[in-house]
Amino acid sequence: MSAGMDLLVHMVVSNNRMSSRRVDEIKTATQADPQIKVMMQLVHDGWPESWKLSPKQALEYWNHRDEFTKIDGSIFKGHKIVLPRDLRHNVTEAVHLGHM
């Protein structure tokens, strides 16, 4: 898995260590994210037969397409939530701070 994809699906939700405020923030950002909207549609309706027919916004997820589910308005890869683009910088900063 690429480093970008790793960061994208970083949060383990099975233990739900997130505050309700953080969950609400993710849900709000998810509803506004165009890429996540495309993913929601693909997970709901099914992926095209070929990556060539896949929407451009979803191509980075093609190799993992069978691993995504839609739960309570969010997209998950296994038990990890897919973060909207606007929130990904927060994750990168937190990871880098942890290494200092």
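I looked up Glu25 first: partly exposed, at 31% relative accessible area (buried is under 20%, exposed over 50%, partly exposed in between, with a 1.4 Å probe and protein chains only). The model is predicted, so I kept local features to pLDDT of at least 70 and side-chain atom pairs to pLDDT 80 or more, while totals for chains, interfaces and linings use all residues. Numbering runs from 1 along each chain as its sequence is written, and side-chain values use heavy atoms, with hydrogens and water left out.

Next I checked what Glu25 pairs with. Its side chain meets that of Arg22 in a salt bridge, 2.9 Å from N to O (a side-chain nitrogen of Lys or Arg within 4 Å of a carboxyl oxygen of Asp or Glu). Both sit in helix α2 (residues 20-32), 3 residues apart, so about one helical turn separates them. Helices here are DSSP runs of H or I with at least four residues, strands runs of E with at least two, numbered from the N terminus. Arg22 is buried, at 18%.

How many salt bridges does the whole structure hold? I searched and got 4.

I then went to Lys27, whose side chain bridges to Asp72 at 2.7 Å, N to O. Lys27 is in helix α2 and Asp72 in the loop between β2 (68-71) and β3 (74-77), so the pair ties together parts 45 residues apart in sequence. Lys27 is partly exposed at 27%; Asp72 is exposed at 57%.

Last entry: Lys77 and Glu67 form a salt bridge at 3.1 Å, N to O. Lys77 is in strand β3 and Glu67 in the loop between α3 (34-45) and β2, 10 residues apart. I noted Lys77 as buried at 10% and Glu67 as partly exposed at 38%.
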